[in-house]
Amino acid sequence: MRTMLGRTLREVSAALKQGQITPIELCQKCLSLIKKTKFLNAYITVSEEVALKQAEESEKRYKKGHSLGDLDGIPVAVKDNFSTSGIETTCASNMLKGYVPPFNATVVQKLLDQGALLMGKTNLDEFAMGCGSTDGIFGPVKNPWSFSKQYREKRKQKPHGDNEDSDWLITGGSSGGSAAAVSAFTCFAALGSDTGGSTRNPAAHCGVVGLKPSYGLVSRHGLIPLVNSMDVPGILTRCVDDAAVVLGVLAGHDCKDSTTIQDPVKPFMLPNLTDVSKLCIGIPKEYLVPELSSEVQSLWSKAASLFESVGAKVIEVSLPHTSYSIVCYHVLCTSEVASNMARFDGLEYGHRCDIDVSTEAMYAATRREGFNDVVRGRILSGNFFLLKENYENYFVKAQKVRRLIANDFVNVFNSGVDALLTPTTLSEAMPYLEFIKEDNRTRSAQGDIFTQADCRQ
């Protein structure tokens, strides 16, 4: 079973076309593994009946020789902040617990149109506000690597407390459920969302590939918004080539999302980079921060050396406004959060309290019961920055700094640099008990320090 589930998306797609396995058999294997790895808490909802029905339809197509493409019959998972028709979408929050959308997000529909099998909805930080996947109402997600032989041997060498039940690593976040689902072989690809690192961060911690496509390349329609000007549907797979396959399906203009690019997009193909001698790789000097662990720094240097060893040019570059990115991101993020969360008032959908003294009392109680401390804190911060007396000093200034940060990247790429090579996180995945010692803002600042600066569009 593990042999087939451990293959890449392209490999298992070829196996389906050659009749080595059927979509129903593949679906059943993934469902069985989902049940066996339930302790990871990667899934909020497992859509077993839906997946099996989709597998039956896929099998009929294969028997007729009418495969829809590389994704036909391939099990996938979707982060639980994407709308899925007829399947509960909660954002891991009491505010949306029980909410069943009447439509599919565009990216979900595109996957289904290509014959993908929806295994379920994955766990996350509440409303995607976090970098550990520990703050949702359904409990934290456990990193599959916590249960590997390597980690167990490593832990034996270190003294640890009496609480063995919490002796596991975080997945990162906020798309930790999707990263864990892919890492644990319960699906071959998963959708996450990425605002300031929420796909790339957990991908790094779980040892999978995490891609945040360029803003506007993939439709946000049906993704419950956190920060409209930064949110992008993310892709998690087990290899880069698989991510390219999924991106080729998802990319393109969507009339339901005015921020998507207007020109038709050809299917994304991974370029053949057997010769990288003409590439110029930039190493941002501002990313060499004191908090960077020695292990990550060593691997960063090793990766740069590998490029040099095959003829690429590796140079130091400067992104001078990087140090302002965290504060800038906090102001802009919380301001848009305050605006987006205003829609959850208990009137049209989602949670509604039992208080009926007045409309204002109902609003207040509904939001107090529906949101956790992290969400309420960001709403308060955002409303403060958007006050008339604060708007110019905070929000407008942050927008100006955002432009300066964007110009840093433009200047570097205009100088002849083809790509930047940077770490994703400061360190390896942290033990859960260490992670929860810090408050959410500190965790986010540390966890997304290398991924917030590029939220610059």
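Over residues 28-147 the chain is 28% helix and 12% strand, with the end C-alpha atoms 23 Å apart; helices (H or I, at least four residues) and strands (E, at least two) are DSSP runs numbered from the N terminus. The model is a predicted one, in which local features need pLDDT of at least 70 and side-chain atom pairs count only at pLDDT 80 or more, whereas totals for chains, interfaces and linings use all residues. Residues are numbered from 1 along each chain as its sequence is written, and side-chain values use heavy atoms, with hydrogens and water left out.

According to the unreviewed UniProt entry, the annotation "domain: Amidase" covers residues 28-147 and 170-451; such annotations may be inferred rather than shown by experiment. For "active site", the unreviewed UniProt entry lists Lys79, Ser174 and Ser198. Although these residues are spread over 120 residues of sequence, they cluster in space, the largest C-alpha distance being 11.1 Å.

Ser174 is located in the loop between helix 6 (149-156) and helix 7 (176-183), and the peptide bond that leads from Gly173 to Ser174 is cis, with omega near 10 degrees. Most peptide bonds, by contrast, are trans. Ser174 is buried, at a relative accessible area of 0%, where buried denotes under 20% relative accessible area, exposed over 50% and partly exposed in between (1.4 Å probe, protein chains only). When its neighbours within four places in sequence are left aside, the residues in contact with Ser174 include Lys79, Ser198, Asn123 and Asp125, contact being defined as heavy atoms within 4.5 Å.

In helix 5 (residues 106-113), the buried residues are Thr106, Val107, Val108, Lys110 and Leu111. These buried residues of helix 5 pack against strand 2 (75-79), strand 4 (189-194), strand 6 (232-237) and helix 9 (240-250). Just after helix 5, Gly115 adopts a positive phi of about 90 degrees.

Positive phi values are also found in residues other than glycine. Asn41, in the loop between helix 3 (23-36) and strand 1 (43-46), has a phi near 60 degrees. Ala92, placed in the loop between strand 2 and helix 5, has a positive phi of about 55 degrees and is buried, with a relative accessible area of 0%. Most residues other than glycine have a negative phi.

Tyr394, finally, is found in helix 14 (residues 392-414) and is partly exposed, with a relative accessible area of 32%.
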